[in-house]
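Colleague: Please take a close look at one part for me, the place where the chains meet. Walk me through that contact and what surrounds it.

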Protein chains: 2
Amino acid sequence: MISVATEKDGSQIRDIAARAGVFSQEEVDCVGELWEEYLSLGSERCGYNFIVEQEEDQVLGFACYGPRDLTDGVFDLYWIAVDPDARRKKVGYRLITACEDEVRKLDGRIIIAETSGTAHYEPTRKFYFDVGYLIEASIKDFYVVGDDLMIFTKRL
Amino acid sequence: MISVATEKDGSQIRDIAARAGVFSQEEVDCVGELWEEYLSLGSERCGYNFIVEQEEDQVLGFACYGPRDLTDGVFDLYWIAVDPDARRKKVGYRLITACEDEVRKLDGRIIIAETSGTAHYEPTRKFYFDVGYLIEASIKDFYVVGDDLMIFTKRL
């Protein structure tokens with residue numbers, strides 16, 4: 001079941017981010033920082049919304065999204081990650097669909113998902129293509145030299 | 001003379017942002033919010049650096065830049081604005097050159113300047129082209145429908 005994340009989900013969210021296999025330590029730390037802001041300020045004030053898919057008390061995956069400042073109806077999908085032990089159950093698909101449903105309710109027009117252009121992120125890019133996202137823009141050598149930014153978007 | 005902005009410059013910075021003629025009220029407010037963070041936390045902790053060009057005690061223009069999270073050497077030029085009464089004195093040119101010099105010192109490789117694709121921002125885009133920036137990417141209907149995001153970059 002997908003629901004809004006609450007305090008008790010924090011340690012499993014961090015754990016999944018660390019074990020997902022696609023995030024650097026700096027990125028895992030960033031997930032933790034957004035989570036702290038989400039808990040202490042609330043989603044409205046901090047601009048980050050966390051949702052989780054759970055099976056009983058176990059978190060199988062999470063996503064984090066929020067409105068882009070200074071735009072009318074653009075939302076960023078900041079993070080989406082699935083427990084490696086829960087792959088092939090369409091957890092990612094249900095999470096991103098839930099994000100899109102919530103963004104639609106908030107009159108969102110566009111979701112942006114940024115990822116890397118390296119071979120390591122090929123499964124991530126395939127996931128976004130499979131769920132209807134397109135690469136609308138890219139910036140060469142963004143993360144480091146040889147690692148381009150790929151900006152996926154989906155019109156809702 | 002260009003220098004790091006200090007507390008006394010705050011009211012003139014906000015005033016220039018409001019009078020520059022290119023920023024919405026929401027954007028002017030955003031400048032004010034970044035300024036408050038810069039004053040209260042310092043540039044290192046908040047990630048925003050403000051510089052000003054002054055003539056005696058008068059601020060003629062300001063720029064705000066900072067490192068992009070999760071990248072190695074990418075910096076955003078968040079804001080650059082010149083007092084309308086101080087146009088045609090190359091204030092903008094000196095401010096952006098000073099930003100680039102500071103970014104180089106911090107081992108920055110790329111500066112990103114985001115702006116709008118509408119006719120109203122044609123002078124802004126011309127300014128970026130004139131100082132060596134290129135449109136590397138764009139996102140359609142980003143700010144609102146009909147108002148595209150133009151992502152200018154410069155390799156240092």
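Modeller: The copies meet through the same surface, because 100% of the interface residues of chain A are also interface residues in chain B. This is a predicted model: local features need pLDDT of at least 70, side-chain atom pairs count only at pLDDT 80 or more, and totals for chains, interfaces and linings use all residues. Residues are numbered from 1 along each chain as its sequence is written, and chains are lettered from A in the order in which they are written.

Chain A puts 20 residues into the contact, and chain B puts in 20 residues. Two residues are in contact if their C-beta atoms, placed from the backbone, lie within 7 Å. On the side of chain A that touches chain B, the elements giving two or more residues are α2 (25–41), β6 (134–144) and β7 (147–155) of chain A. Helices (H or I, at least four residues) and strands (E, at least two) are DSSP runs, numbered from the N terminus. β6(A) gives the most, with eight residues. By type, that side of chain A has 10 nonpolar, three polar and seven charged residues. Here Ala, Val, Leu, Ile, Met, Phe, Trp, Tyr, Cys and Pro count as nonpolar, Asp, Glu, Lys and Arg as charged, and the others, Gly among them, as polar.

Now the symmetry. A rotation of 180 degrees with 0.0 Å of shift along its axis superposes chain A on chain B (RMSD 0.0 Å). That is the relation of a two-fold axis. In chain A, the C-alpha nearest the axis belongs to A:Ala137, 2.6 Å from it.

Methods:
Least-squares fit on C-alpha atoms with pLDDT ≥ 70 in both.
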